[in-house]
Amino acid sequence: MERLPVALPPPTEQEEIVRRGRETVRAGRPDEARFVEGRKRVDSITQAILAKAFRGELVPTEFELAKAEGRSFESAEELLARIKRNGQIEEEGEKKSKSRRLRSSTGLQSAV
């Protein structure tokens, strides 16, 4: 390979090729800078959207919808309290003692 002749353009043409290459690289730098700046803006917008989403600011809350539609609204805390009052949810201690009674009456052993 080292012995193969390689045709080179005349020096003036080589200089023109180098000049055009440098010009192309320089012209591309603003595009790169704009890309980097755009990427930063996208990242900050993404963070802002996520922050709003976690604060519940992107869509109306169920309470706001119910109020606008003229219907009642019961928070999760109120719903849980109502269910407990009606005896539909057993307390943790009641669950354990009930499951122990069930296992002892059926002869089943705990796998734990």
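1. Salt bridges in this predicted model come to eight, a salt bridge being a side-chain nitrogen of Lys or Arg within 4 Å of a carboxyl oxygen of Asp or Glu. The model is predicted, so local features need pLDDT of at least 70 and side-chain atom pairs count only at pLDDT 80 or more, while totals for chains, interfaces and linings use all residues. Residues are numbered from 1 along each chain as its sequence is written, and side-chain values use heavy atoms, with hydrogens and water left out.

2. One of the salt bridges joins Arg19 and Glu16, with 2.5 Å between the closest N and O atoms. The two residues are three apart in helix α1, which means a separation of about one helical turn; helices are DSSP runs of H or I with at least four residues, numbered from the N terminus. Arg19 has a relative accessible area of 40% and is partly exposed, as is Glu16 at 28%. The classes are buried under 20% relative accessible area, exposed over 50% and partly exposed in between (1.4 Å probe, protein chains only).

3. Arg55 pairs with Glu57 in a salt bridge whose closest N and O atoms are 2.9 Å apart. Arg55 is exposed at 52%, whereas Glu57 is partly exposed at 45%.

4. Another salt bridge links Glu62 and Arg71, at 2.8 Å from N to O. Glu62 is partly exposed, with a relative accessible area of 41%, and Arg71 is partly exposed at 38%. Elsewhere, Glu16, Arg19, Arg20 and Glu23 belong to one network, joined by salt bridges that share partners.

5. The count of aromatic pairs is one. Rings of Phe, Tyr and Trp (its six-membered ring) pair if their centres lie within 6.5 Å; planes under 30 degrees apart count as stacked, over 60 as edge-to-face and the rest as tilted. Phe63 and Phe73 have ring centres 5.7 Å apart and planes at 75°, so the pair is edge-to-face. Phe63 lies in helix α2 and Phe73 in the loop between α2 and α3 (76–85), 10 residues apart, and the pair links distant parts of the chain. Phe63 is partly exposed at 47% relative accessibility, and Phe73 is partly exposed at 35%.

6. A nonpolar surface patch consists of Ile45, Ile49, Leu58 and Val59, with about 370 Å² of accessible area together. Patches take residues with over 30% relative accessible area and no salt bridge, joining like charges within 9 Å and nonpolar side chains (Val, Leu, Ile, Met, Phe, Trp, Tyr) within 5 Å. Accessible areas come from the Shrake-Rupley method with a 1.4 Å probe; for residues, only the protein chains shown count as cover. Leu58 sits in the loop between α1 (11–55) and α2 (62–69) and is partly exposed at 48% relative accessibility.
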